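Let's take a walk through this fold together. Have the sequence handy as you go.

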Amino acid sequence: MIIVMSHHATRAQVDAVAERVEEIGLRPEVSVGEDRSLIGVIGGNAYAYRESFSHLAGIQEILQITKPFKLASREFQARDTVVDVAGVPVGGDEVVVMAGPCSVEDEAMLLRTARFVAEQGARILRGGAFKPRTSPYSFQGLGEAGLEMLATARDETGLRVVSEVVTPSDVELVCRYVDMLQVGTRNMQNYALLQEVGRSGKPVLLKRGMSSTVEEWLLAAEYVLSQGNRGVALCERGIRTFETSTRFTLDLNSVPLVRELSHLPVVVDPSQGTGRWSLVRPMSLAAVAAGAHGLIVEVHPRPGEALSDGAQSLDFEGFERLMRELRRLLEATASQPV
Ligand code: PEP
Ligand code: MN
């Protein structure tokens with residue numbers, strides 16, 4: 001349920017309504033807009049309590065949100081969320097490129113890659129230190145040593161850092177080194193992890209589960225938001241379909257769809273989404289044309305020697321070309337009459 005305050009409502013009236021919500025055992029989430037404030041009422045069957053507010057001043061109307069996700073919905077917040085990743089805005093007018101190796105392998109390769117992607121215009125360095133691999137025999141990542149390398153690369157290049165956290169007990173550790181926590185596709189429904197990253201207050205890049213619907217993905221975001229962490233960016237990374245000629249099917253329908261349903265920014269991962277480096281550039285351009293606020297792309301100095309996901313990693317030349325074409329696309333679309 002959403003309580004829409006009148007645009008004349010005072011701060012004291014908003015506070016009084018929020019207090020009343022707490023008194024009846026529900027949780028208020030206040031969203032102060034330019035025009036008016038909204039109070040999301042979180043808790044089971046909130047709409048049944050609507051009469052409890054009939055005597056409070058400053059309320060314009062009480063709406064039932066029929067969608068299962070509330071805080072993530074456009075109804076709760078009409079304006080786009082801009083996630084502040086240590087000073088880099090994700091979700092604003094600028095398309096943000098996150099780039100780097102699938103896994104942090106060693107310091108030299110990470111620094112080389114970081115310098116190169118920064119020169120080309122990337123703002124955020126990606127790199128897995130904890131890798132949730134399908135096989136227990138595959139490279140599992142360098143752990144904390146990898147996080148230290150990411151922090152060194154950040155200090156040297158000014159890039160912000162995003163890296164995956166795979167278990168609730170590691171959230172605090174990973175938070176010490178990164179600017180944004182990545183929740184991977186295999187963990188999108190790990191509710192204990194979602195709650196812990198929610199409590200951490202760090203910006204979160206929430207991958208779509210490879211077998212999850214858009215609604216389930218938004219409900220996963222709701223887990224993080226409902227812990228008071230509003231810094232969630234969604235990441236479309238491809239889903240399982242009957243098609244086997246690509247690793248996953250990159251569902252670009254979800255980009256404009258999620259933008260209709262939610263105020264959260266959407267980032268696209270064409271590397272995991274296709275599994276083939278030759279498809280990464282065209283699908284990146286398609287993602288941005290479809291309205292993505294950002295891209296997360298795997299780049300490796302020597303993809304043939306990568307310890308993970310080499311087949312879908314761009315080499316430096318490929319990344320340079322992607323960035324060049326992306327700039328051209330952005331110039332072309334910016335000059336379109338709206
Ligand atoms: C990755 O980004 O390297 C990764 C493992 O992503 P996903 O969780 O989308 O597979
Ligand atoms: Mn990968």
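Below, we go from a sheet to a metal site, then to a helix and some backbone angles.

First, some housekeeping: this is a predicted model, where local features need pLDDT of at least 70, side-chain atom pairs count only at pLDDT 80 or more, and totals for chains, interfaces and linings use all residues. Residues are numbered from 1 along each chain as its sequence is written, chains are lettered from A and ligands numbered from 1 in the order in which they are written, and side-chain values use heavy atoms, with hydrogens and water left out.

Start with the open sheet of four strands, ordered β2-β3-β1-β4 with antiparallel pairing. Its edge strands are β2 (27–32) and β4 (59–63), each pairing on one side only. From one strand to the next, the twist averages 20°. Strands here are DSSP E runs of at least two residues, helices are H or I runs of at least four, and both are numbered from the N terminus; two strands pair if DSSP finds at least two bridges between them. Now look at β1 (residues 2–5) and β3 (residues 37–42), which pair in the antiparallel sense over three bridges. There, Ile 3 stands opposite Ile 39 in β3.

Next, the metal. Which residues coordinate the manganese ion (ligand 2)? They are Cys 102 (SG), Glu 298 (OE) and Asp 309 (OD), at 2.1 to 2.4 Å. Donors are N, O and S atoms within 2.8 Å of the metal (3.2 Å for Na, K and Ca), and water is not among the atoms, so sites may look incomplete. In sequence, the spacing reads C-x195-E-x10-D. Glu 298 sits in strand β14 (residues 294–298), while Asp 309 is in the loop between β14 and α10 (316–334), 11 residues apart. Glu 298 counts as buried because its relative accessibility is 0%, and Asp 309 is buried too, at 18%. Buried means under 20% relative accessible area, exposed over 50%, and partly exposed in between (1.4 Å probe, protein chains only). Asp 309 also has a positive phi, near 55°, in a residue other than glycine.

Ala 86 likewise has a positive phi, near 45°. Ala 86 lies in the loop between β5 (83–85) and β6 (88–90) and is partly exposed, at 41% relative accessibility. For context, most residues other than glycine have a negative phi.

Finally, helix α5 (residues 191–200) has Leu 193, Leu 194, Val 197 and Gly 198 buried. After α5 comes Gly 201, with a positive phi near 80°.

Terms used
Axes are lines fitted to C-alpha atoms, for helices over the stretch in contact, and angles run from 0 to 180 degrees between N-to-C directions.
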